[in-house]
Amino acid sequence: MSIIQIENLKKTYRETEVEVHAVNGIDLSFESGEFAAIVGPSGSGKTTLLNMIGGLDSPTEGKIIINNTNIGNLNASQIIDFRLWNIGFVFQSYNLIPVLTAKENVEFIMHLQGRKKQEREQRTKDLLTSVGLGDRLNSRPSQLSGGQQQRVAVARALASKPKFVLADEPTANLDSKSTENLLDIMEKLNRDENITFIFSTHDARVVKKARRVITIEDGKVVSDEVK
Amino acid sequence: MNLRIAWRNIWRNKKRSLITISSVILAVVLATFTRSFQEGSYELMIENAIGKFSGYVQVHQKDYWEDKTLDNGIDVSDSLLHQIVSIPNIEGVNIRIESFSLASNRNNTKGTLVMGIEPEKEDSLIDLSKKIIKGKYFGNLDQGILIGSKLAQYLELDVGDSLVLMGQGHWGNTAVGVFPVKGIVKMPAPNIDRQIVFMPLKTAQEYFSYPNGATSLVIKFKDADLTQEICNMLNSSLDTTQYKAMSWQKMSPEMLQQIQSDRISGVMMLNILYMIIAFGIFGTVLMMTEERKREFAMMIAIGMQKTKLIIITLYEALIMNALGIIIGIALSIPLVVYYHYYPIEMSGEMAKSIEKFGMEPVLPTIISFKIVINQALTVLIITIVAAAYPLWSILKLNVIRALRR
Ligand SMILES: Nc1ncnc2c1ncn2[C@@H]1O[C@H](COP(=O)(O)OP(=O)(O)OP(=O)(O)O)[C@@H](O)[C@H]1O
Ligand SMILES: [Mg+2]
């Protein structure tokens, strides 16, 4: 059973003079434990697709079923809760709450879930250690490098024990060393703890690490390879 | 956690938060201060003109107020006095007999208000002996009189001189008498100072040929707030075909009106101040939300309900205001208390015009917990109202658009 099932997904923007078919009929499914990259030229629809999978944006047509739930049927408040419990997010930048420390940022999402303090603290420590930041628990985002911030974001995304993690160009703002480091961490988490990662990227080195590469152009899947 | 985030967010932009807090402090201090001075001056005005002169409640013969003559007087009996004093909270009754007479000394003649009073009892109410600037206070059986300082000046009278009084007595009798001036009193209200002649009650009753007569019974009680209640109790217990109790608000409607219209203009001024504060807070909260839309969008994306986000932002506004209000109150109280005991003394033209209204030229504050709390609550409500739009904009936040920025 796949954890994500996408059927005939379309997103059309009509705000401009011309209609833009950002996503133009996509059928895809993802299994638990995948490490999948979505690639394609700029403007091909990667962000739009990921936003719809993450329940941040609603499709013009088609449906997305996550774990037997058609997320199109959820109301505004339900979809937020659905994200909280099922999906981890890593954005390109501005991932963290600037006034909270690394530790508090990771704890925050578990706090939203109402998890107990003891569990929160233990899990936060474990996660930050596993992304190599066990010694930076009390640093604020502004005191961390871009790469370190992204690693905190990965730890935060995992803290809620989601079904999968969505990452839209998580390495776009990082230098090559930090990129490699982040990818290694994600790969390790995927391999050791069976965490499902779906990420978009422009970066050939990132693509190399992926075990499945989905290429889209003009809002359509043009190739879907499993290595 | 929410409070922690709110607290830290406030100190994220220290300068702006401090300006906001300061504006709240300023609003609370200014509002409390001006209102305290306003109410303080009313209280003083009422106390001078009413409490320390006519009393808050008087009992008259029922037609006296419409037609103030001795013929509409009261024959004072012990049973009447007893009936009044037996009402709870009433501490005593001062008997007065007053009427107009002509006063003359050599070539000068002037209309005066002759007021027969019980010397000892009245002294505790109107502090008359303290107002003596020359001569001595009188006793119950004295033949001597006390006259206002302006009247003395006009008639060129000094202590020891005699004053000729002529007027109408009870039931058509002519009232005539020559009275030695025993003392000169300076009354705070100039219109009274210009025409008052105080006489011991017995002497006055004799002068007016009205033994046991009175025109008004001044009801004494401690708490001015009981005025209406006491007035009502008197009217229900006394025979209203003969007597009528009146509150100072009924006896001096001009003063009540003056106070009320002054209060309205004062409150209007404050409203302008409040509007300015409201815009300040509105601006701050709006900026706080606008510049953090990306952050808010991220928080909503990872699973935070918008309502929770609103609560955090509301906390921020409320904490800043609570700080401002608490500091504002802390600063106001000593100021208000200080100026209550050391009122601002006015001088020059200002003082003169105030004296014309029968008031002392000082500006004290009133120490009123109610004023402080009212101003603090008003500022609090303003905050919530001013924050409403920015908070509502969170509810309408488009996550995708904010994330793309
Ligand atoms: N709100 C919008 N209104 C109109 N058009 C939009 C909107 N959002 C995206 N688009 C258009 O949809 C198309 C797909 O955009 P999208 O951001 O998904 O591409 P992308 O593959 O993520 O590009 P990049 O690699 O540059 O991030 C683009 O042509 C874009 O201009
Ligand atoms: Mg994109």
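Guide: B:Thr227 is buried, with a relative accessible area of 3%, where buried stands for under 20%, exposed for over 50% and partly exposed for what lies in between, computed with a 1.4 Å probe and the protein chains only. This is a predicted model, in which local features need pLDDT of at least 70 and side-chain atom pairs count only at pLDDT 80 or more, while totals for chains, interfaces and linings use all residues. Residues are numbered from 1 along each chain as its sequence is written, chains are lettered from A and ligands numbered from 1 in the order in which they are written, and side-chain values use heavy atoms, with hydrogens and water left out.

B:Thr227 belongs to helix 8 (residues 227-237) of chain B; helices (H or I, at least four residues) and strands (E, at least two) are DSSP runs, numbered from the N terminus. Leaving aside residues up to four places away in sequence, B:Thr227 touches B:Tyr56, B:Val57, B:Phe221, B:Ser247, B:Trp248 and B:Gln249, a contact being heavy atoms within 4.5 Å.

Elsewhere in chain B, B:His60 sits in strand 1 (residues 57-61), and B:His60 is buried too, with a relative accessible area of 1%. The residues that B:His60 touches, again not counting those up to four places away in sequence, include B:Trp65, B:Ile74, B:Thr215 and B:Met251. The side chain of B:His60 also makes a polar contact of 2.7 Å with the side chain of B:Gln58; such a contact is a pair of N or O atoms within 3.5 Å, and within protein one must be able to donate a hydrogen and the other to accept it, with residues adjacent in sequence counting only if both atoms are side-chain atoms. Although B:His60 and B:Leu238 are 178 residues apart along the chain, their C-alpha atoms are separated by 11 Å.

Turning to chain A, four strands form an open sheet in the order 2-1-4-5, with antiparallel pairing, and two strands pair if DSSP finds at least two bridges between them. Strand 2 (20-30) and strand 5 (69-70) of chain A stand at the edges with a single partner strand each, so one side of each has no neighbour in the sheet. Strand 1 and strand 2 of chain A pair over eight bridges, a hairpin of six residues joins them, and A:Ile6 stands opposite A:Leu28 in strand 2. Strand 1 (residues 4-13) is joined to strand 4 (residues 61-66) of chain A by five bridges, and there A:Lys10 has A:Glu61 as its bridge partner.

Helix 1 (residues 46-53) of chain A lies across strands 1, 2 and 4 of that chain, and helix 1 also gives the most to the shell around ligand 1, with three residues. In all, 15 residues surround the ligand, the closest being A:Ser42, A:Gly43, A:Lys46, A:Thr47 and A:Thr48, where a residue counts if one of its heavy atoms lies within 4 Å. These surrounding residues come from chains A and B, so the site is shared between chains. An oxygen atom of ligand 1 is 2.5 Å from an N or O atom in the side chain of A:Ser42, and a polar side-chain atom of A:Thr48 lies 2.5 Å from a ligand oxygen atom. The protein covers 72% of the 630 Å² of accessible area that ligand 1 has on its own.

Key:
Axes are lines fitted to C-alpha atoms, for helices over the stretch in contact, and angles run from 0 to 180 degrees between N-to-C directions. Accessible areas come from the Shrake-Rupley method with a 1.4 Å probe; for residues, only the protein chains shown count as cover.
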